[in-house]
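Please read the following report alongside the sequence and the coordinates.

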Amino acid sequence: MSLFHGIVCCAIGFGIPLPAQARLRYAYLFTKGAALLLALGHLVRGLAFAFQSDVPAGFLEPTTQNLVFFALGTLALPGLTLGAVMMANARMVSDATYAAEHDHLTGAPSRRAFFAAAEREHARAVRHGSELGMLVLDVDYFKRINDTHGHAIGDGVLRDLVRQTRDTIRTVDYCARIGGEEFAVLLPDASLETALAVAERLRAALDRSLRAAPGLEVAYTVSIGAAMLAEGESVAGLLARADAALYAAKAGGRNRVVSAAIPWRRQHAAGRGAFG
């Protein structure tokens with residue numbers, strides 16, 4: 001019987017896969033650990049009864065050994081039940097967090113998640129004196145696509161945009177949907193030249209035709225505004241300048257990249273540094 005229960009506990013312990021998400025690991029590790037500890041307890045009990053000569057006359061005899069094994073057996077089911085409840089709760093919390101931080105249509109991070117990531121990168125840039133860039137892009141004539149082909153095709157364009165963007169930007173960059181057909185890309189440790197190169201590469205990748213349905217291809221382009229973090233500037237200020245550059249790209253004919261102007265304070269500081 002000890003061997004049977006030990007095998008069952010080992011199967012539970014080794015059969016629980018560790019999830020990739022760090023927030024789920026504690027609950028899963030707790031359950032694996034509880035199952036393997038119980039398996040060890042069953043092994044010890046089996047060996048104790050197999051190799052001792054003075055076996056108790058009855059399993060209810062109040063010897064120290066019986067009391068210890070009964071105590072462990074009493075804790076077995078509550079321990080595994082607690083682990084199962086912890087895993088279920090961790091999974092529910094993880095799913096709810098993911099839903100709150102990601103756009104349900106495209107799978108891209110939401111505006112809330114983007115600002116959280118931007119604040120972290122902003123604090124790091126200020127602390128280490130590194131550069132931080134931001135791109136804001138918008139689908140050109142998106143309303144016309146919806147009106148002509150329907151909202152389902154428009155949704156397909158947005159999903160395609162996210163896929164192409166993830167394949168085009170650097171691995172350290174962060175793309176999110178911040179509203180409607182507008183998306184933002186955070187560029188940590190990127191110079192102005194790098195930011196503009198990424199933006200131009202992205203604009204070219206998104207100048208494309210999407211096969212929306214058999215016999216139906218929908219062409220779309222994007223306009224992109226780029227901005228670099230200025231000294232003393234907040235995330236909201238950086239986003240506002242990138243957004244203004246996006247509107248300038250729209251006004252300039254669309255399907256183009258426009259870089260935001262350097263704030264006056266930064267220009268003034270640069271001028272004083274150059275001319276003493």
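This is a predicted model: local features need pLDDT of at least 70, side-chain atom pairs count only at pLDDT 80 or more; totals for chains, interfaces and linings use all residues.

Residues are numbered from 1 along each chain as its sequence is written, and side-chain values use heavy atoms, with hydrogens and water left out.

Five strands form an open sheet with mixed pairing and the order 2-3-1-6-7. Strand 2 (174-179) and strand 7 (257-259) stand at the edges, each with a single partner strand, so one side of each is left without a neighbour in the sheet. From one strand to the next, the twist averages 20°. Strands are DSSP runs of E of at least two residues, helices runs of H or I of at least four, numbered from the N terminus; two strands pair if DSSP finds at least two bridges between them. Strand 1 (residues 132-139) pairs with strand 3 (residues 182-188) in the antiparallel sense over seven bridges, and D138 stands opposite E182 in strand 3.

| Helix | Strands touched | Angle of directions |
|---|---|---|
| Helix 4 (residues 111-128) | strand 1, strand 2, strand 3 | about 25° with strand 3 |
| Helix 7 (residues 192-205) | strand 1, strand 3, strand 6 (222-228), strand 7 | about 170° with strand 6 |

V44 lies in helix 2 (residues 22-51) and is partly exposed, with a relative accessible area of 43%, where partly exposed lies between buried (under 20%) and exposed (over 50%), with a 1.4 Å probe and protein chains only.

Conventions: Axes are lines fitted to C-alpha atoms, for helices over the stretch in contact, and angles run from 0 to 180 degrees between N-to-C directions. Contact means heavy atoms within 4.5 Å.
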